[in-house]
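Please brief me on this protein model. I am new to it and want the main points, grouped by topic.

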Amino acid sequence: MGIITVRSLARARLWVAQTRGYAAVSASGPTPSLTMHTLGPFQVFDRETKRIQKDRAASKDGGESSRTVDYVRDEIADRMMERLEDIKRKFSTIVDLGSGSGHFSKLLDPDKTQKCIMIDSSHETLHRDPDSEFEVEVERVHANEENLLQIISPNSQEAIVSCLSLHWVNDLPGVLIQIKEALQPDGLFLGAMFGGETLFELRTALQLAEVDREGGISPHISPMTDTRDVSNLLGRAGFTLLTVDIDEVKVAYPSMWELMDDLRDMGESNAVIGRRHIVHRDTLAAASAIYKELHGNGDGTVPATFQVIFMIGWKPAPTQPRPLERGSGKTNLKDVL
């Protein structure tokens, strides 16, 4: 696993770890499906708080602060586009669910699609950048990503993508089901979301500092989906021909303080229900020292790891390839080996 330098930044240096280890590749049909009415979603995130955070981040300094911290989303959008380009198909329209300001949509060109429908719950983020920055026609829809089927008709879309928004939905299984229902037969879903190891350095530093200074811990970083669960969730939602793989993006910051500033300007601040709104300054100072001691780089910077889960799934269709039945092979494996 090599780490390569991608670009230099004013405050951070971005590397991408080429893990891309395959967690699941399956051509078999899905396991018994869920319905959206099986169980009500457990509320983990305050969606209104998240909308406000994203609006504030996108409108600060006329959007300049937000553009400065696009480096993580832009890098992951590039990785998603590589996967889309591997799919030799042109789509008339692509829906970008939780599009933000269009990090992925800006990479689309007329050879891949004619139009992109951008959907995001944050009006300021959705309209941050002008249409002139896109190569294809864009339609912007300000709406809650958790209610996709109230925006998009069932069986209507050839492709739906989602770049770094699914880690903020309360009902991930339900949203995946809605995505599958909105797709036409043999429609594509391509997504990227943060995985469970994201910002583990910051999480451990804050926890250790709180235990030391305050005698307990509280949630400061939102819970993330474990990589082992994603293929199961896709299968239960009704997708087939699944591919799930993992990348890591590592960023070096001068200290924990710059990392926290950038997370705020990204609109990625904590939005967990029941979170603490104030953290004592001495606790944060202790966390910064612990961060550097446990995880610091030799040059004095501190790393932040963003684990990214990429997923591809297809809505079932009679024309899709299927695995051969067990025992139908005509070549003896001993002869091959």
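The briefing below starts with the overall picture and then turns to single elements and residues.

This is a predicted model, in which local features need pLDDT of at least 70, side-chain atom pairs count only at pLDDT 80 or more, and totals for chains, interfaces and linings use all residues. Residues are numbered from 1 along each chain as its sequence is written, and side-chain values use heavy atoms, with hydrogens and water left out. The protein has ten helices and nine strands. Helices (H or I, at least four residues) and strands (E, at least two) are DSSP runs, numbered from the N terminus.

**Confidence**

- The mean pLDDT of the protein is 85, and 81% of its residues reach 70 or more. pLDDT is the predictor's confidence in each residue, from 0 to 100.
- Residues 1-13 have a pLDDT below 50. Beyond near neighbours in sequence, this stretch has 43 contacts in the model (contact means heavy atoms within 4.5 Å).
- Residues 16-39 also have a pLDDT below 50, and that stretch has 66 contacts beyond near neighbours in sequence.
- Where pLDDT is low, the predicted coordinates should not be read in detail.

**Overall packing**

- Of the 337 residues of the protein, 52% count as buried. Buried means under 20% relative accessible area, exposed over 50%, and partly exposed in between (1.4 Å probe, protein chains only).
- Among contacts with a separation of 6 or more, 77% come from residues 24 or more positions apart.
- The largest nonpolar core holds 51 residues. Such a core is a set of buried Ala, Val, Leu, Ile, Met, Phe, Trp, Tyr and Cys residues joined through side-chain atoms within 4.5 Å.
- Ile 76, Leu 84, Phe 104, Tyr 253 and Phe 306 touch the most other members of this core.
- Phe 104 touches several residues beyond four places away in sequence, including Met 80, Leu 84, Val 161, Cys 163 and Leu 190.
- A second, separate core has 29 residues, among them Val 169, Ala 182, Met 193 and Ala 237.
- In soluble globular proteins, nonpolar side chains tend to be buried together.

- S9 covers residues 302-314, and 13 of its 13 residues are buried.
- Val 302, Phe 306, Phe 310 and Trp 314 are among the residues that point one way from S9. Those pointing the other way include Pro 303, Gln 307 and Met 311. Both sets are buried.
- Strand S7 (residues 183-194) runs antiparallel to S9, joined by seven bridges. Two strands pair if DSSP finds at least two bridges between them. Leu 188 stands opposite Trp 314 in S9.
- Strand S8 (residues 240-253) is also antiparallel to S9, with twelve bridges between them. Asp 247 stands opposite Val 308 in S9.

**Helix H9 and its cover**

- H9 has 15 residues (281-295) and should span 21 Å at 1.5 Å a residue; its end C-alpha atoms are 21 Å apart, which agrees. The expected span is 1.5 Å times one less than the number of residues.
- Buried residues of H9 include Thr 283, Leu 284, Ala 287, Tyr 291 and His 295.
- What covers the buried residues of H9 includes helix H6 (200-214), helix H8 (256-266) and strand S9.
- Asp 212 lies in H6. Asp 212 counts as exposed, because its relative accessibility is 56%.
- The C-alpha atoms of Asp 212 and Ala 286 are separated by 8.7 Å, although these residues are 74 residues apart along the chain.

**Single residues to look at**

- Lys 54 sits in helix H1 (residues 47-59). Lys 54 is buried, with a relative accessible area of 14%. Beyond four places away in sequence, Lys 54 touches Asp 120, Ser 121, Ser 122, Thr 125, Glu 145 and Gly 267.
- Asp 61 is not a glycine, yet has a positive phi of about 55°. Asp 61 lies in the loop between H1 and helix H2 (64-68) and counts as exposed at 53% relative accessibility.
- Leu 199 is not a glycine and has a positive phi of about 55°. Leu 199 lies in the loop between S7 and H6 and counts as buried at 7% relative accessibility.

**Cysteines**

- A search of the whole structure finds zero disulfides (a disulfide is a pair of cysteine sulfur atoms within 2.5 Å).
- Cys 116 counts as buried at 0% relative accessibility, and Cys 163 counts as buried at 8%.
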